[in-house]
Amino acid sequence: MTRVAIVGGGPGGYEAALVAAQLGAEVTLVDRDGVGGSAVLTDCVPSKTLIATAEVVSDAAESAELGVELGHDSVGVDLRRVNQRVLALAKAQSADTTAAVEKAGVQILRGSGRLAPGDRVVVDEGSHEFVADVALLATGARPRILPEAEPDGERILTWEQVYDLDELPEHLVVVGSGVTGAEFASAYNALGSDVTLVSSRDRVLPGEDADAAYVLEEVFARRGLNVLSKSRAASVRREGSGVVVSLTDGRTVRGSHCLMAVGSVPNTEGLGLSECGVALDDRGFVKVDRVSRTSARGVYAAGDVTGVNMLASVAAMQGRTAMWHALGDAVSPLNLKTVAANVFTDPEIATVGWSQAAVDAGDIDAVAVKLPLATNARAKMLGIRDGFVKLFCRPGTGIIVGGVVVAPRASELIHPISLGVEASLTVDQMARAFTVYPSLSGSVAEAARQLHRRD
């Protein structure tokens with residue numbers, strides 16, 4: 001029986017454990033913080049739970065045009081209760097995941113694990129030690145900390161610390177306009193905080209579709225969220241009962257709280273990587289190939305510690321792929337051009353496959369159609385004014401190679417496009433599949449129909 005050791009219990013780790021157990025291996029999962037990792041305990045599950053509350057508040061605030069009378073000037077939010085629910089759901093999800101892993105026959109060791117020469121895994125510096133034929137590193141990443149903006153957990157916060165707040169920030173300054181910064185800025189704006197988003201780039205979400213980012217910026221402006229573009233934070237300090245964010249151009253922004261969202265750093269310290277021959281890239285992430293192998297024999301890695309498209313879904317697929325490969329099952333190398341991703345702002349932005357930037361740069365020959373949701377019958381019924389569906393296909397063959405959806409619940413609407421990209425469906429096949437009328441998904445089929453024979 002193959003002995004598999006997994007260090008780290010996040011999506012990359014626990015999904016790998018489930019696959020390895022299914023394939024008959026003897027599996028030991030070394031977990032320090034709780035099965036589910038940061039994705040369940042401090043990142044994805046908590047943040048999306050908070051955002052779910054923000055969506056309800058936003059829907060209620062904008063429901064007047066649907067004929068809804070709330071009877072009050074505004075909708076109130078009890079942040080203490082919101083955060084209690086957030087943390088309770090995260091704890092419950094971790095417990096459910098733990099139960100599933102244990103039911104599969106995986107042994108869970110609580111503690112910090114590291115690799116050691118001789119195919120050994122050491123837990124808590126020697127309290128437990130065992131030999132493994134295959135090892136997987138899934139230790140994740142943590143918020144990047146700037147020396148000039150040290151979080152204190154009270155006024156200067158990382159995204160892991162916001163759930164300790166009992167009261168809604170009066171004025172939240174968010175530093176960083178990537179996915180994390182945009183999501184929290186959108187959520188707290190909906191919950192009722194004044195929000196200023198400090199962006200070092202010329203627009204929010206610089207890595208996303210430009211048309212999508214433009215829609216989001218319009219929504220932010222309409223809702224009173226202040227975006228400071230081309231502005232870089234130099235330092236953050238506490239002053240009295242608030243914070244002062246100093247910008248590199250000499251300006252200052254004052255707020256009650258500051259949320260730092262300036263990226264992540266991998267958890268690679270103390271893992272015995274150098275002595276076991278595991279190489280890191282120039283950013284400090286573990287180097288892996290498309291089946292999750294590291295440079296060391298029998299050692300794999302998955303998830304944020306690899307820096308490969310830092311999404312829970314990608315981490316899980318990396319972990320599964322590693323075990324399929326290590327244990328001799330059928331496996332396909334990871335293809336990042338089939339990864340569906342979502343930004344949980346309001347509206348959401350979902351993408352899959354080739355991007356508009358790649359098409360414009362000539363990296364792929366493709367044509368596109370973009371349909372505004374404002375013309376969709378179901379969108380009109382729901383009071384949706386913002387958003388669109390964009391579809392990319394190859395000229396001549398009509399094979400679908402990518403898409404963008406900007407809409408409420410775009411994370412659900414991207415799935416048919418994701419299927420099209422994964423299965424190399426044509427726009428004609430997509431267009432001929434029935435959709436419900438009226439439905440938002442009808443715009444996906446209509447975009448496909450408009451691409452029929454488009455050169």
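Modeller: Helices (H or I, at least four residues) and strands (E, at least two) are DSSP runs, numbered from the N terminus. This is a predicted model, where local features need pLDDT of at least 70, side-chain atom pairs count only at pLDDT 80 or more, and totals for chains, interfaces and linings use all residues. Residues are numbered from 1 along each chain as its sequence is written, and side-chain values use heavy atoms, with hydrogens and water left out.

Now for the background: most residues other than glycine have a negative phi, and most peptide bonds are trans. Let's begin with Leu205, which sits in the loop between β11 (194–198) and α6 (210–222). Leu205 isn't a glycine, yet its phi is positive, at about 50 degrees. Leu205 is also buried, with a relative accessible area of 1%; buried means under 20% relative accessible area, exposed over 50%, and partly exposed in between (1.4 Å probe, protein chains only).

Ser424 is another non-glycine with a positive phi, about 55 degrees. You'll find Ser424 in the loop between α11 (415–423) and α12, and this serine is partly exposed, at a relative accessible area of 42%.

Next come the peptide bonds. From Asp346 to Pro347 the bond is cis, with omega near 5 degrees, and Pro347 belongs to the loop between β19 (340–343) and β20 (348–353). The bond from Tyr437 to Pro438 is cis too, with omega near -5 degrees. Look for Pro438 in the loop that runs between α12 (427–432) and α13 (442–450).
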